[in-house]
Amino acid sequence: MARPPRRAAAVAFVAVAALILSACGGKSPDDSGADTGLAQQILADAGVSTPVELKLQYNGDHYGSSSDQEYATIKSQLEATGLFKVELQQTEWVTYNQQRTTDYPVFQLGWFPDFPDADNYLTPFFSVDNFLHNGFSDDRVTELLDAERTNTDPDARNAVLAELQIELAKHMPTVPLLQGSQVAVTGLTVTGVDKTLDASFQFRFAPIVKDDDGTAVIKVGTTDKITALDPAGSYDNGSYNVHYQVYPFVLGFAPGNPSPVPDLAESCEFTNDGSTYSCTIRAGLTWANGNTLDANDVKHSYDRQLAIADENGPSSLLENLASVECPDDLTVNFNLTSPNDVTFPQVLASPVGPIVDNDVFPADALVADDDIVAANAFAGPYTITSYRVNELIEYTPNPAYVGAQGAVANGGATMKYYADESNMRLEIEQGAIDVAHRSLSPTDIQALEDGGKVNVVRGPGGEIRYIVFNLDIQPGETPEQKVAIRKAVAASIDRHELAEAVYKNTYTPLCSFVPDGLPGANTAVCDAYGGN
């Protein structure tokens with residue numbers, strides 16, 4: 001089974017302020033996170049002449065202004081070994097995104113997962129038709145990818161994932177660098193944010209409490225932007241954050257748990273020899289407007305995603321969905337193209353998963369934001385009582401919600417949208433908002449933490465930064481020399497310095513291909529090439 005990868009939907013990172021930093025290299029693995037001696041030996045064994053000339057492409061307007069400092073540091077680290085001569089090149093994003101697969105021998109990329117599962121960091125990168133288009137394919141890697149996607153035993157699957165990452169470390173088609181942390185800044189009397197900064201990567205308002213008073217309205221700030229309230233018309237963090245507060249899902253994420261659990265569903269299981277994923281929907285559910293909520297809404301929601309297939313929407317996540325059937329009002333059967341797809345439950349809890357009211361949302365057209373709000377077409381933890389797009393949203397708890405997120409612990413929430421992160425910093429510092437989430441710069445976060453007027457709460461993050469090699473045009477005269485160069489680069493980069501000096505520990509070293517916090521994560525890269 002070699003299905004095509006899910007699209008590289010979210011490769012954007014938050015822009016962060018540029019920093020002045022010092023660079024170092026050539027230290028031991030114990031104090032620098034790099035191993036120059038190992039890099040030198042790898043190149044010598046493959047007969048690679050040094051210094052190796054690397055043309056390293058990066059982009060600052062899409063991946064944030066700190067990319068300048070990140071790649072200046074990487075250049076210094078590589079050149080300090082005496083093994084590399086690095087030419088940095090920067091291109092604006094439109095050109096960068098078009099040329100990276102054809103013209104760049106080594107280049108920067110970033111990734112945010114479609115769903116919090118190890119497979120979403122592996123299949124899109126390393127399958128035969130991967131979105132990187134970097135010339136990498138390996139029979140054993142393909143075999144292991146197929147095995148992990150269809151292994152329904154969690155322990156056995158984790159063993160396959162571990163072997164897969166060890167195997168990838170032998171090839172190093174990409175060099176993992178950094179894993180972004182989730183960070184929220186809160187008032188001193190605000191609690192519960194730590195419950196939502198988990199490895200599901202979904203920021204939930206429901207568990208947040210102010211002044212230990214379950215009646216207080218929580219004021220949240222963000223610099224994210226909303227594309228659309230209609231789940232078929234948006235595929236971005238700003239929109240999805242709203243969707244997660246107001247729409248139900250068949251499966252969702254309970255606070256503290258990165259594995260999907262029933263939300264609308266009572267239970268789900270693979271049937272028909274794994275070719276069908278069948279879910280039983282809770283009885284007696286209604287939308288906030290009084291309309292009946294049942295399996296027919298579920299079928300309608302998925303059918304319209306595929307029918308509309310909006311270019312800004314998430315329908316590409318349904319690549320393995322052949323059809324949806326409802327034998328009765330409380331049963332929904334998802335018929336799969338490839339059986340026993342253990343990532344499909346994650347898909348149901350992903351941006352393509354919000355369920356919508358089939359009396360409000362037509363089968364073949366998007367619905368305007370104001371029309372959705374006017375129809376009160378919500379059944380998540382909250383409803384929306386006031387909406388000014390990318391200015392302010394007022395949320396009211398939905399007492400009928402009984403799903404994965406649990407009972408709402410506050411009296412409601414507001415989300416204020418900022419055009420400038422400096423204004424958001426000022427308002428969290430002055431107490432005008434209770435929580436600032438996505439995104440403050442690393443220097444702002446550090447200054448706020450040092451000031452003592454707020455709390456800084458961190459959790460595992462799904463964003464990763466990495467370097468990609470185009471195996472067809474990268475340096476090296478033979479395949480053996482090319483892989484040696486990739487391994488030597490992996491051994492020469494000090495991830496700890498990048499995390500600390502550039503990003504003030506809002507990013508942490510990424511030591512394998514699956515980030516910390518997810519089942520299947522390990523430290524295969526740092527185990528092989530230093531950096532632990």
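## Exercises on salt bridges and helix packing

R388 is partly exposed, with a relative accessible area of 42% (buried means under 20%, exposed over 50% and partly exposed in between, using a 1.4 Å probe and protein chains only). The model is predicted, so local features need pLDDT of at least 70 and side-chain atom pairs pLDDT 80 or more, while totals for chains, interfaces and linings use all residues. Residues are numbered from 1 along each chain as its sequence is written, and side-chain values use heavy atoms, leaving out hydrogens and water.

**Exercise 1.** Work out which side chain meets R388 in a salt bridge, and how exposed that partner is.

*Solution.* 
- Step 1: a salt bridge needs a side-chain nitrogen of Lys or Arg within 4 Å of a carboxyl oxygen of Asp or Glu.
- Step 2: E391 pairs with R388 at 3.2 Å, N to O.
- Step 3: E391 has 45% relative accessibility and is partly exposed.

**Exercise 2.** Explain how K299 and D303 are placed along their helix, and give the distance of their salt bridge.

*Solution.* 
- Step 1: both sit in helix α11 (residues 295–308), four residues apart, so about one helical turn separates them. Helices here are DSSP runs of H or I with at least four residues, numbered from the N terminus.
- Step 2: D303 is partly exposed at 30%, as is K299 at 27%.

**Exercise 3.** Describe how α8 packs against α16, and list the residues that make the contact.

*Solution.* 
- Step 1: the axes of α8 (residues 154–171) and α16 (residues 479–492) lie 8 Å apart at about 110°; axes are lines fitted to C-alpha atoms over the stretch in contact, with angles from 0 to 180 degrees between N-to-C directions.
- Step 2: α8 is therefore roughly perpendicular to α16 (that class covers 65 to 115 degrees).
- Step 3: α8 contributes A169, K170 and H171, and α16 contributes V483, R486 and K487, where contact means heavy atoms within 4.5 Å.

Technical notes. Helix = DSSP H or I, 4+ residues; strand = E, 2+ residues; numbered from the N terminus. Parallel < 35°, antiparallel > 145°, perpendicular 65-115°, else oblique.
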